[in-house]
Every structure is written in C-alpha cells, then in structure tokens.
Amino acid sequence: MTSGCVKVWSDEEGTSLLLGQNESHKFLPVLVPETVWVEAASGGTGWLYMVYVISYRNAQNVVEPNEIDQIGKFFTATSVVIDSVDVDIPYPTICEEVTFTVTTDPVGYEKYVQWSGGGCYAVVDEDNKYISRLSCTGDKTVTASLCDNIVHVFFNVSLPPDCYECTASPEVSLGCAGGEPQMSTECFDCSINCPCGVFNQPLEDPADPALDINVCYDSSNCEWKFGVSATATVTYGPCNENPFLNYLEISDGDSAVLTEDNYCDIVDAFDYDIVNASTGTGCAPINISDCEQQRYSNTNCIWAHEARHAFDFTIQLNLEEELLRNNPIMSMPIDCNASPELSYCNYAIAYRYGQIEAAVKDAYLEAWLFCASDVGEQHARETAYECFHELAIEICNRASREGWSACPSCGD
Ligand SMILES: [Zn+2]
C-alpha cells in the first residue's frame, strides 16, 4: 500500500479525521473509537497501529500521566476509482444549471468524491450530484477527485440567444435633437432671467428625451454593460416677437425709437457693469405707465447672449455624459444566486431602464441648471457685452449730435 493518501476517520461520514492531511489532532475526543474508517489511494492490506498518549490532567479527574492506549489492527482496503462523470448540459448558457453525476467503481462511494471548478454558486446535492451555475462565459473544467483518482470534465458556457459580447465600451451619448441646441424665433415664455431672450429648459416636452438603451456582456468582469443614446429638444432665441413684452428694436444709433427722454436709460442698460450682475443684461425695461413696460434691446446682441448659454449647456452636457458613463448603474454584475433571470440581456435592460432613464433626465437638468446659474448668466453677459457696449457708444454719439440733454453714462 502506498503512503501517499491514507486517511483514517473516526466516523463513517468522514467528518472527524484521526490521521492524514491535518496533523493537529491533540484536541480530538479522548474516547478511542471502536471502529475506524480507512481511506487509501489504492486497495491492499496493511496494519493500522495507533497510539494515544493522554496528557490531560486536573484535580477532579486523576489520570495517570502519559497513560498509553494502543490499537493494532490488520485491515484490508478495497480499491475504489471514479468510473464515470456525466454532464447533463455540455453547452450551458450563463447561470444555467448544469448537473454532474459521478459513479464510482464499485458503486456506493460517490459521496466521498470531492468537486472543484463549478464556480461560486456550485453545490453538492443529497444525491451526491454536483450542481454548477457559472456567471462567466468560456471553456470551463470541473474536476472530480477521489483521493489520488482525478477526472476532469470539459464544457463550455455561452451567452443566451440574442445577447452579445461587448466589442468595445458601450456608447453613452447625450445629445440635442438636430445635433445641438436649436436657434428659434418662436415666441417664448420669457420667465427666466434673460428678460429679452431665453434658453429653454429641455425635457419640458413629455416625449423628451428620446431614449435607446442597449446592453452587452463584458467577459472580463462577467457583467452586463449598458449603453444609452438620448436626444432632447433644446431651443434658445430672442423674445423680440413676444407680443407681451412690448419689445422695440434698437438696430443702431440712428434707430427711430430713440428719443431724448429714453436714450439715457437705454445707454445705462446696454453699457452694463460687466462684473455687477444687478446692472443688467442689455435689456432695457422702461415704464411707460403704472402697469406697462416698454423693452428695448438688440436682437443680434441677444443672440450672442443666448448662444453663450447654449454653448455652456453643450459643454456641461458633455461632462454629465462622462459622469453617466462612469455611473455604477451602467454596469451590472451577473449574480446567479440573487437574480438568475437577469442572466438574460433583455431582462437586464428592463430591470435597469427606469434608473438609467432617471439618470439621463437628471443629466439634462443639471446641464440646464448650470447654464441658468449665476455663473452661466455671467458668461452670457460677458459674451454679449462688446455688442451692447458698441451700441451704447453709437447712441451717445447720436445724442451729442442731436444736442440732447447730458447722460452721465455717456461720460459727459
Ligand atoms: Zn441669460
């Protein structure tokens, strides 16, 4: 008999090792078993000779130190080998249950077979069958071993039909209908802080955003990766056609709507203090009665102002897109225990759809909130300043030519 793999157990179930593998046996039960079970690499005969040295002592239980008990037995071991290992599904899909059935020769020793290679979710059932579910695709090996007798079973795990492996990182794309924010001269609700122009909040249209969510399998991490492509309608423009604004255009210094009475207020509004937001945006509201205002501005300068909001929105949306790309909701590890049905790609999309949709809407809103913020407004004021400032100079020159009464903002 070879000495490579001899194990002696004090119980038939093989849970209490007396000899072999683990050499630390000093806390085993003191009772010497009447029967022991011998597992060996090969059949044959041998002598099993065990010596117990009892060193436990205390006041209540007086035991002679170093009392020695001995067992000496001649034994015959039967040779047991793995006869076959059958697999019921040689080409399973991810998380699909695969059952390995082992038969020993002679039969009856199946419960002593050790298994490995079945992945994190593998179990041995009461019939000694090995049940494996694998969350990763590719060639796999399950190993059955009975002492030194080892059998490998090769099989392959694939994706379910209509699911695809990622060839690159899935695209995450947030855009505007038409490619960029659209210029529009339609009459707007000019309620935000650009009184003569507007950059409309996206997503006010219930159909926005148009969403396309896709998924692929990332074999390096055994997870689903989601991609999303979204577009929303984003518009901006001047409010010069809004009938409720009483808007009048100052096209240049010779504009017929300029008068000795109104020109200085208009110069004040156009030549705003670039660092002081409270000095205006180039839109001059002048009270013409107790309950009515006339607004004066220049459409080209308003375009410049609103176009800067649109530019900022696009830049911020790109940043939001990058954040979304790295958002943990854009990937999902495949967990064969918690949610085996999510090993199917289309179920994974359905499961994540609401979360991704909410994150996309949030990204558009955050981008809009940035361009409508004080910082965004300051950018727009700075961008349009030169345009309004040139007009203010023209108006002051006109006043000088006409001999209108002095205006402090004209510098005289
Ligand atoms: Zn603005």
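A residue is buried if 20 or more other C-beta atoms lie within 10 Å of its own, exposed if 12 or fewer, and partly exposed in between, with C-beta atoms placed from the backbone. The model is predicted: local features need pLDDT of at least 70 and side-chain atom pairs pLDDT 80 or more, while totals for chains, interfaces and linings use all residues. Residue numbers start from 1 along each chain as its sequence is written.

View 1. Val142 counts as buried because it has 22 C-beta neighbours inside 10 Å. Its contacts (C-beta atoms within 7 Å), leaving out residues up to four places away in sequence, include Phe100, Trp115, Tyr130 and Val153. The C-alpha atoms of Val142 and Tyr130 are 9.5 Å apart, and the two residues are separated by twelve positions along the chain.

**View 2. The open, antiparallel sheet with strand order 8-11-12.** Strands are DSSP runs of E with at least two residues, helices runs of H or I with at least four, both numbered from the N terminus; two strands pair if DSSP finds at least two bridges between them. Strand 8 (114-116) and strand 12 (149-157) each have a single partner strand, so one side of each lacks a neighbour in the sheet. Three bridges join strand 8 to strand 11 (residues 138-146), and Trp115 has Ala144 as its bridge partner in strand 11.

**View 3. The largest nonpolar core, with 61 residues.** Such a core is a set of buried Ala, Val, Leu, Ile, Met, Phe, Trp, Tyr and Cys residues joined through C-beta atoms within 7 Å. Helix 4 gives the largest share, nine residues.

Methods
Contact = placed C-beta atoms within 7 Å.
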